[in-house]
Amino acid sequence: MTLSAPQQLVQNELSRLVIKRGALAFLPEPPEIRWNGVTLRLSPLETEILSLLVRRGRASWEDVDSAIAALHGNPHNREIFIHRIRSKFAAIGAADPVETVRGWGLRLRVERDLFGSTTTWIGARTDAIDAFTPEAARAIAASGAAQLDRPFGA
């Protein structure tokens, strides 16, 4: 099916929208997870599990198993996938983003971003998310410190 020019424009804009929760950002097209601007190298199954948590904040075991099965994975291996996600976050110095809720499923632990915010953004564009890097945070902090050194109204 061929899309008209306006439909393609809308689809291109939607594909660049992001869901951000604190330090984590999910970019849907292509599926990608970022932590404070750093792209994580996750498998498609790991990305799907984590994106489910970023989108919803929590997921029952049934939801997690369905996501795994949809990508032709074995739901009996879900603990392995979750362990791999935790290991990859630990490798970059990030806090564990996955909390196991006994008898129910998983919950997302929202870590503060570089600006100290745990706010959820839905619909931010990738260019806005790209500004959330350690370099950008240092530059903003430096400019704020420089403004504090000037006399009021100068």
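**Figure 1. Packing of helix α2 against helix α4 in the predicted model.** Helix α2 (residues 44-56) and α4 pack at an angle of about 85°, and their axes are 10 Å apart. Axes are lines fitted to C-alpha atoms, for helices over the stretch in contact, and angles run from 0 to 180 degrees between N-to-C directions. The two helices α2 and α4 are therefore roughly perpendicular to each other; angles of 65 to 115 degrees count as such, whereas those under 35 degrees count as roughly parallel, those over 145 as roughly antiparallel and the rest as oblique. From α2, Leu45, Glu46, Ile49 and Leu50 meet Phe81, Arg84, Ile85, Lys88 and Phe89 of α4, where contact means heavy atoms within 4.5 Å. By class, the residues in the contact of α2 with α4 are six nonpolar, no polar and three charged. Ala, Val, Leu, Ile, Met, Phe, Trp, Tyr, Cys and Pro count as nonpolar, Asp, Glu, Lys and Arg as charged, and the others, Gly among them, as polar. Because the model is predicted, local features need pLDDT of at least 70 and side-chain atom pairs count only at pLDDT 80 or more, while totals for chains, interfaces and linings use all residues. Residues are numbered from 1 along each chain as its sequence is written, and side-chain values use heavy atoms, with hydrogens and water left out.

**Figure 2. Packing of helix α3 against helix α4.** Helix α3 (residues 61-70) and helix α4 (residues 78-91) pack at an angle of about 90°, with 11 Å between their axes. Accordingly, α3 and α4 are roughly perpendicular to each other. Trp61, Val64, Asp65 and Ile68 of α3 make the contact with Arg78, Glu79, Phe81 and Ile82 of α4. This contact of α3 with α4 comprises five nonpolar, no polar and three charged residues. Phe81 belongs to the α4 side of this contact and is also listed among the α4 residues that meet α2. In the loop between α3 and α4 lies His72, whose phi is near 65°, a positive value in a residue other than glycine. His72 counts as exposed at 77% relative accessibility; buried means under 20% relative accessible area, exposed over 50%, and partly exposed in between (1.4 Å probe, protein chains only).

Figure 3. Arg55 counts as partly exposed, at 34% relative accessibility. Leaving aside neighbours within four places in sequence, Arg55 is in contact with Ile19, Arg21, Phe26 and Glu48. The C-alpha atoms of Arg55 and Ile19 are separated by 6.8 Å, although these residues are 36 residues apart along the chain.

**Figure 4. Thr119 and the segment containing Lys20 and Arg21.** Thr119 is placed in the loop between β7 (105-108) and β8 (120-125). With a relative accessible area of 39%, Thr119 is partly exposed. Residues up to four places away in sequence not being counted, Thr119 touches Lys20, Arg21 and Gly22. Arg21 and Thr119 are 98 residues apart along the chain, and their C-alpha atoms are separated by 5.9 Å. Lys20 lies over the face of Trp121, at 5.7 Å from the ring centre; a charge sits over a ring if NZ of Lys or CZ of Arg is within 6 Å of the ring centre and within 35 degrees of the ring normal.

**Figure 5. Strand β3 and the loops on either side.** In the loop between β2 (24-27) and β3 (32-35) is Pro30. The peptide bond from Glu29 to Pro30 is cis, with omega near -15°. Arg34, in strand β3, is buried, with a relative accessible area of 13%. Between the C-alpha atoms of Arg34 and Lys20, 14 residues apart along the chain, the separation is 9.1 Å. Asn36 lies in the loop between β3 and β4 (38-39) and counts as buried at 7% relative accessibility. The phi angle of Asn36 is near 50°, a positive value in a residue other than glycine.

**Figure 6. The protein chain as a whole.** The protein chain has six helices and eight strands; helices (H or I, at least four residues) and strands (E, at least two) are DSSP runs, numbered from the N terminus. Of the 154 residues in the protein chain, 35% are buried. Among contacts between residues at least 6 apart in sequence, 54% join residues at least 24 apart.
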